[in-house]
Amino acid sequence: MRRVQSRKLSDDIMEQLESMILDGRLLAGQKLLSERTLAEQFAVSRPSVREAIQKLENKNLVERKQGGGTFVKPRLNELITEPLLLLLSDKPEMQFDLLEFRHALEGMAAYYAALRGQPEDYQALENALDALPDDSTDKSQQARALVNFYLTMANAAHNMVLQHVMRSLQSMLQDNIQRNLEVLAKHADAPQNINRQRRNIVEAILAGDPEQARKASNEHLAYIEDTLLNINRQDMRMQRALRRIEVN
């Protein structure tokens, strides 16, 4: 009969930190808190924290920098997002490709948030919705708040892969949302309609209706896409009209 070995504290700490890396709460390149702070948060000794970090280092998830602390290692998400960010900057039409991708991503988040969300998740989602600034606020600030809203929805879905993808694409989503907001400001009815659509998503999630939550999310993004396309067409017609005036 083999002797039963007790589980070490460092294993529990390592697993908690590993989960934070995998679900995106700790991002690539982000610095971990100091050993002392982590020990206080986990209510353990510093040697246990040090051993946990060593295990993460052995798994190639973190790296120590002499005199600079411990950092999450650059991972695959950076290899994905950096080229995409460059493409989105050089080719504005790719913003619509990202919108199409968001249909799948946010529709899934809404569906599983309605299916699996817990009371604390729903409260966090309502808080994130209520915290959204009004439409007169700086678009960059609005975009940050909206990304937080969608990340909160993804957290409520309790799918680690979905959380990691959403957090990995955070900067790209924020850029896409900010660009969209700047264009949508040209349409008088758009902000009010979009706010109502977001409320519909949250209400479907709180009602525990996955299909309706996904439908509300897809309708929301479809409205944004159609409105952006209409605004772009109007701008092109205006440019053609101005060129004709200049010629005449």
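The largest share of the lining of the largest cavity, 4 residues, comes from α9. This is a predicted model, in which local features need pLDDT of at least 70 and side-chain atom pairs count only at pLDDT 80 or more, while totals for chains, interfaces and linings use all residues. Residues are numbered from 1 along each chain as its sequence is written, and side-chain values use heavy atoms, with hydrogens and water left out.

A cavity here is a set of points, on a 1 Å grid over the protein atoms alone, where a 1.4 Å probe fits but cannot get out; lining residues have an atom within 4 Å of a point. Grid points are joined across faces, edges and corners, and a volume is the space filled by probe spheres set on the points. By this rule there are 2 cavities of 30 Å³ or more, and the largest holds about 80 Å³. At least two lining residues come from each of α7 (139-157), α9 (170-184), α10 (190-206) and α11 (210-247); helices are DSSP runs of H or I, at least four residues, and strands are runs of E, at least two, numbered from the N terminus. Among the lining residues are Arg-102, Tyr-150, Asn-180, Arg-198 and His-220. By class, the lining has 7 nonpolar, 2 polar and 2 charged residues, where Ala, Val, Leu, Ile, Met, Phe, Trp, Tyr, Cys and Pro count as nonpolar, Asp, Glu, Lys and Arg as charged, and the others, Gly among them, as polar.

Elsewhere in the chain numbering is α2. Its buried residues are Glu-35, Leu-38 and Ala-39, buried meaning under 20% relative accessible area and exposed over 50%, with partly exposed in between (1.4 Å probe, protein chains only). These buried residues of α2 fall within an arc of 100° seen down the axis, so they line one face of the helix; the arc is that of the directions from the helix axis to the C-beta atoms. On the other side of α2, Arg-36, Glu-40 and Gln-41 are exposed. The cover over the buried residues of α2 includes α1, α3 and β1, contact meaning heavy atoms within 4.5 Å. Ala-43, which follows α2, has a positive phi near 60°.

In α3, the buried residues include Ser-48, Val-49, Ala-52, Ile-53 and Leu-56. They cover an arc of only 135° around the axis, which puts them on the same side of α3. Their cover includes α1 (9-22), α2 (35-42), β1 (62-65) and β2 (69-72). Just after α3, Asn-60 takes a positive phi of about 65°.

How values were computed. On a 1 Å grid over the protein atoms alone, a cavity is a set of points where a 1.4 Å probe fits but cannot get out, and a pocket is an open set with protein on both sides within 12 Å along at least five of seven lines; lining residues have an atom within 4 Å of a point.
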